[in-house]
Amino acid sequence: MAKKQAKTNAVRLIEQKKIAHEIFEYTINDGEAVDGLTVAGKIGQPAIHVYKTLVATAGKGNYFVFVIPVDAELNLKAAAKVVGQKKIEMLPVKELLGLTGYIRGGCSPIGMKKLFPTIIEEAATALDYIIVSAGKIGMQIKLVPEDLQKATNGQFASIVSS
């Protein structure tokens, strides 16, 4: 009998919204890096399709989610401008779980404890699919960029350093 797949908040939400998706699972060995390029290799997908989720803050109670290609760097100035802030900074890792319900390396833009303003790098609109964390280390979810936008009430904007 096939092992029943554990469902994360992200997977539950996608299924509730009846959004077409595909789940990829992979294993990470102790001490192995969980960076996006490693993940892309483990799931056998081109890195251009794999996106990471970053959480930033403009001060207490002011949080934003950014979804960018794994090989890109968030442009904090551009990101701040898009969300209407003078300045933003990355959320300290120790605050991630309490705020989002997810850990570093397994943070999904979908199904966080609260729905934060979510910005997806506009380069995603040129792709037929993107892959983001499904809410835990070892699980990724593949979906159409516009479906990710719908699931997160997100918007597309240019937010990476060129």
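Visitor: Which side chain meets D147 in a salt bridge?
Guide: K150 does, at 3.2 Å, N to O. A salt bridge here is a side-chain nitrogen of Lys or Arg within 4 Å of a carboxyl oxygen of Asp or Glu. This is a predicted model, where local features need pLDDT of at least 70 and side-chain atom pairs count only at pLDDT 80 or more. Residues are numbered from 1 along each chain, and side-chain values use heavy atoms, with hydrogens and water left out.

Visitor: Where do D147 and K150 lie?
Guide: Both are in helix 5 (residues 145–152), 3 residues apart, about one turn of the helix. Helices (H or I, at least four residues) and strands (E, at least two) are DSSP runs, numbered from the N terminus.

Visitor: Is D147 buried or exposed?
Guide: Buried, at 15% relative accessibility. K150 is exposed, at 54%. Buried means under 20% relative accessible area, exposed over 50%, and partly exposed in between (1.4 Å probe, protein chains only).

Visitor: How many salt bridges are there by this rule?
Guide: The count is 3. One of them joins K7 and E15, at 2.8 Å, N to O.

Visitor: And what does E22 pair with?
Guide: K142, with the closest N and O atoms 3.6 Å apart. E22 lies in strand 1 (residues 22–25) and K142 in strand 7 (residues 139–143), so the pair ties together parts 120 residues apart in sequence.

Visitor: New topic. Which helix holds L97?
Guide: Helix 4 (residues 93–100). L97 is partly exposed, at 47% relative accessibility.
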